[in-house]
Amino acid sequence: MFGNYLIGLREGLEASLVVCILVAYLVKTGRRDALRPVWLGVAVAVGLSMSFGAALEFGSQELTFEAQEALGGSLSILSVGLVTWMVFWMRRTARHLKSELHSKLDAALAVGTGALVATAFLAVGREGLETALFVWTAVRASNDGTADPLIGVVLGLVTAVVLGWLFYRGALRINLAKFFTWTGAMLVVVAAGVLAYGFHDLQEADWLPGLHSLAFDISSTIAPDSWYGTLLKGVFNFQPDPTWLQVWMWVLYLVPTLALFLRPGRVSPSTAAPRNREPEPHDTQAAPPAVDSSDRSGGTDAGDDADGVHDGPRRAGEHSLGGQG
């Protein structure tokens with residue numbers, strides 16, 4: 001359940017932060033009239049993501065066993081590619097995410113209501129579709145015949161929504177840089193298990209050879225139905241009798257990807273902003289968080305100024321989401 005909880009938390013929190021940034025900027029700039037179109041765009045994106053997940057789940061049930069395995073394996077590999085791109089993208093660009101969203105909102109405000117709906121829909125929809133695909137493949141990979149994997153995802157999403165709301169209200173301050181670094185690293189580990197499971201699906205679909213060429217079989221030591229076997233399956237998608245192809249794909253993905261992701265980032269001293277600079281009272285958008293050139297944490301620097309999400313509404317004297325549209 002933990003692995004699926006992590007997926008829901010990490011993916012859901014990204015979408016929650018996007019929504020918080022959009023809402024906070026509109027409140028801060030006195031454009032409450034634009035909140036309703038933004039919430040409409042968010043609602044459409046959430047509905048589309050849920051429909052996509054339902055289509056994957058119920059549509060695949062009508063297929064033959066071989067077709068189900070082929071579809072599951074192909075989508076598992078695709079979802080791992082998407083989530084890998086996502087964690088590296090967040091590591092590289094999260095520092096500028098706020099200003100990027102602000103500029104898109106400014107352009108949409110100049111065009112009209114339709115542009116606002118589209119901006120919110122595209123900003124949240126990309127995250128939602130990616131989340132639906134990865135959640136479906138991860139739940140399928142770790143499914144043990146119970147509802148635990150799905151419960152873990154739902155709990156993670158609920159936690160992400162609560163955290164996003166607390167960020168907006170200013171009730172919670174954490175270092176988002178470290179949070180996204182460590183959850184991103186754990187997500188890479190989960191993705192490695194999903195990838196290995198995807199290749200096993202393609203073997204079962206008879207698309208790839210080697211289904212009966214096992215690297216090892218420790219089922220007698222770690223029984224799949226034991227509590228520790230279930231724990232390993234739920235967290236790491238561990239299989240006690242993997243094929244050689246699964247083992248090689250797991251190693252070839254996990255080792256270089258994790259090494260690249262955790263590699264210390266480098267920031268030029270000439271581009272590092274002073275750490276103690278406070279935004280001017282007339283600023284309409286918060287400056288990007290300062291970056292210390294000696295920082296070697298390897299994560300994004302988006303969270304060093306954790307109150308950036310709720311900075312707008314707090315300065316404007318607003319405290320509640322309830323009346324914003």
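**Exercise 1. Which backbone oxygen lies 2.6 Å from a polar atom of the side chain of Thr84? Place Thr84 in the fold, and list its partners.**

Solution. The backbone oxygen of Val80 is the one, at 2.6 Å from a polar side-chain atom of Thr84. Keep in mind as you work that this is a predicted model.

- Step 1: find the element. Thr84 sits in helix 3, which covers residues 65-93.
- Step 2: The relative accessibility of Thr84 is 14%, and the cut-off for buried is under 20%, so Thr84 counts as buried.
- Step 3: look beyond the sequence neighbours. With residues up to four places away set aside, Thr84 is in contact with Tyr253 and Thr257.
- Step 4: pick out the polar pair. The side chains of Thr84 and Tyr253 make a polar contact at 2.7 Å.

**Exercise 2. What span should helix 9 have, and which of its residues are buried?**

- Step 1: work out the span. Helix 9 holds 18 residues, 244-261, and at 1.5 Å a residue it should span 26 Å.
- Step 2: list the buried positions. They are Gln246, Tyr253, Leu254, Thr257 and Phe261.
- Step 3: ask how they are arranged.
- Step 4: recall the geometry. An α-helix has 3.6 residues a turn, so residues three or four places apart point the same way.

**Exercise 3. Where is Gly193, and is it buried or exposed?**

- Step 1: Gly193 belongs to helix 7, residues 176-204.
- Step 2: its relative accessible area is 3%, so Gly193 is buried.
- Step 3: not counting residues up to four places away in sequence, Gly193 touches Phe236, Asn237 and Trp250.
- Step 4: compare the two kinds of distance. Gly193 and Val251 are 58 residues apart in sequence, while their C-alpha atoms are 9.9 Å apart in space.

**Exercise 4. How many residues has the largest nonpolar core, and which elements give two or more residues to it?**

Solution. Begin with the core itself.

- Step 1: the largest nonpolar core has 25 residues, and Leu22 and Leu26 have the most contacts inside it.
- Step 2: helix 1 (2-28), helix 2 (35-60), helix 4 (97-111) and helix 5 (113-142) each give two or more residues to this core.
- Step 3: helix 1 supplies the largest share, 10 residues.
- Step 4: zoom in on Leu26. Neighbours within four places aside, its contacts include Leu35, Val38, Leu105 and Leu109.
- Step 5: another core lies apart from this one, with 24 residues, among them Leu6, Ala138, Val153 and Leu195.

**Exercise 5. What is the phi of Asp206, and where does this residue lie?**

Solution. One backbone angle to finish.

- Step 1: phi of Asp206 is near 65°, a positive value in a residue other than glycine.
- Step 2: for context, most residues other than glycine have a negative phi.
- Step 3: Asp206 is placed in the loop between helix 7 and helix 8 (227-236).
- Step 4: with a relative accessible area of 69%, Asp206 is exposed.

Terms used
Residues numbered from 1 in each chain as written. Predicted model: local features only at pLDDT ≥ 70, side-chain atom pairs only at ≥ 80, totals over all residues. Heavy atoms only, no water. Helix = DSSP H or I, 4+ residues; strand = E, 2+ residues; numbered from the N terminus. Expected span 1.5 Å × (residues − 1). Buried < 20%, exposed > 50% of the residue type's maximum accessible area, 1.4 Å probe, protein only. Core = buried A, V, L, I, M, F, W, Y, C linked by side-chain atoms within 4.5 Å. Contact = heavy atoms within 4.5 Å. Polar contact = N/O pair within 3.5 Å; in protein donor to acceptor, adjacent residues only side chain to side chain.
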